[in-house]
Amino acid sequence: GYKAGLHGRYNICNELKVMGLQTTGMASEFFAVDARNVLKLPRDMSFEKGAMVEPLAVAVHALGRAGELEGKNILIFGAGPIGNLVAQAAKGMGASKVMITDISQYRVDMAKRCDIDYCINSNIQDVSREIEEAFGPDKADITLECVGINATMAQAIENARKGSDIIVVGVFAEKATVDLGLVQDRELRLIGTLMYRQKDYEKAIELIENGKVILDPLITNHFSFKDYLKAYKYIEQQRDKAMKVMIDIN
């Protein structure tokens, strides 16, 4: 058997060759891969967790753009699958305190199940107040926007400490509007991130192997390979509650 994780954002790639982005996808009957681009999973790692390496590598790469995380306070806007994994990876990579926010109570509750320090529903809680209560007047050291919409980008800029970094993880479907006046006034740095490299895969495998991330709650559904299309339709219909959907290939 084999498990393939559906995520709909990124496909498998590393620093040597792109696989499944500019080529046929992994739903093909046959898919040839250069042996140099294959990383071996630990023998005792389940196929489900193996399928989670790719989205976790997205998180690892994004955090790597911020530099050293040891002892840092991290703020994440967006508690979807990527935001959740960014939060978990941050803790696993040495962050002191991690806060995650979302407007979906389901995703906030999911973050709590994954032991993220502070899980905030921004629809019913004052984010600015929660940030100060959690981190103190100096706020977060690093902010990550993991939604890809103007509203959360604006929140990230408004709540960032002067002189700090904002990592743009969310993929914007439309052209973003950014308050560059505020970015300038507060001497903020906006840093882009996309995909991952081989070292990010290796770090993701290490985090899973060492029990630094909780993955089981994020695997919300299973579909058989013959129901591949139904799986994608389910993700579209249940966008708020479909975290990671697995395709079972036997």
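Figure 1. T193 is found in the loop that lies between strand β7 and helix α8 (198-209), in a model that is predicted. With a relative accessibility of 13%, T193 counts as buried, because the cut-off for that word is a relative accessible area under 20%. Once its neighbours within four places in sequence are left aside, T193 is in contact with H61, A62 and R65, and also with I167, V168 and V169.

**Figure 2. Close-up of S164 and its surroundings.** S164 has its place in the loop between α6 (150-159) and β6 (165-168), and at 2% relative accessibility this residue counts as buried. The side chain of S164 reaches the backbone oxygen of R161, at a distance of 2.6 Å. If residues up to four places away in sequence are not counted, S164 touches A140 and D141 as well as E187, L188 and R189.

Figure 3. The buried residues of helix α6 are T152, M153, A156, I157 and N159. The elements that cover these buried residues include the strands β2 (73-77), β5 (142-145), β6 and β7 (189-192), together with the helices α5 (127-135) and α7 (180-185). For the setting of this view, the chain as a whole has nine helices and nine strands, and buried residues make up 48% of its 250 residues. Among the contacts in the chain with a separation of 6 or more, 67% are accounted for by residues 24 or more positions apart.

**Figure 4. Close-up of the packing of helices α2 and α3.** Two packed helices are described by the angle between their axes and by the distance between those axes. Helix α2 (residues 53-64) and helix α3 (residues 81-92) pack at an angle of about 60°, and their axes are 8 Å apart. The two helices α2 and α3 are therefore oblique to each other, and their crossing is right-handed. On the side of α2 the contact is made by P55, L56, V58, A59 and L63, while α3 contributes I82, L85, V86, A89 and A90.

**Figure 5. Close-up of two aromatic pairs.** A pair of aromatic rings is described by how far apart the centres are and by the angle of the planes. Five aromatic pairs are found when the whole structure is searched, and one of them joins Y196 and Y201, whose ring centres are 5.2 Å apart and whose planes stand at 90°, so that this pair is edge-to-face. Both of these residues, Y196 and Y201, are buried. The rings of Y228 and Y232 have their centres 5.4 Å apart and their planes at 50°, so this pair is tilted.

**Figure 6. Close-up of the cluster of F225, Y228 and Y232.** Ring pairs link F225, Y228 and Y232 into a cluster. Why are Y228 and Y232 separated by about one helical turn? These two residues are four residues apart in helix α9 (residues 228-237), and this spacing is why about one helical turn lies between them. Y228, at 24% relative accessibility, counts as partly exposed, and Y232, with a relative accessible area of 34%, is partly exposed too.

Key. Residues numbered from 1 in each chain as written. Predicted model: local features only at pLDDT ≥ 70, side-chain atom pairs only at ≥ 80, totals over all residues. Heavy atoms only, no water. Phe/Tyr/Trp six-rings, centres within 6.5 Å; stacked < 30°, edge-to-face > 60°. Buried < 20%, exposed > 50% of the residue type's maximum accessible area, 1.4 Å probe, protein only. Polar contact = N/O pair within 3.5 Å; in protein donor to acceptor, adjacent residues only side chain to side chain. Contact = heavy atoms within 4.5 Å. Axes fitted to C-alpha atoms, helices over the stretch in contact; angles between N-to-C directions. Parallel < 35°, antiparallel > 145°, perpendicular 65-115°, else oblique. Left-handed = near helix turned anticlockwise from the far one by under 90°.
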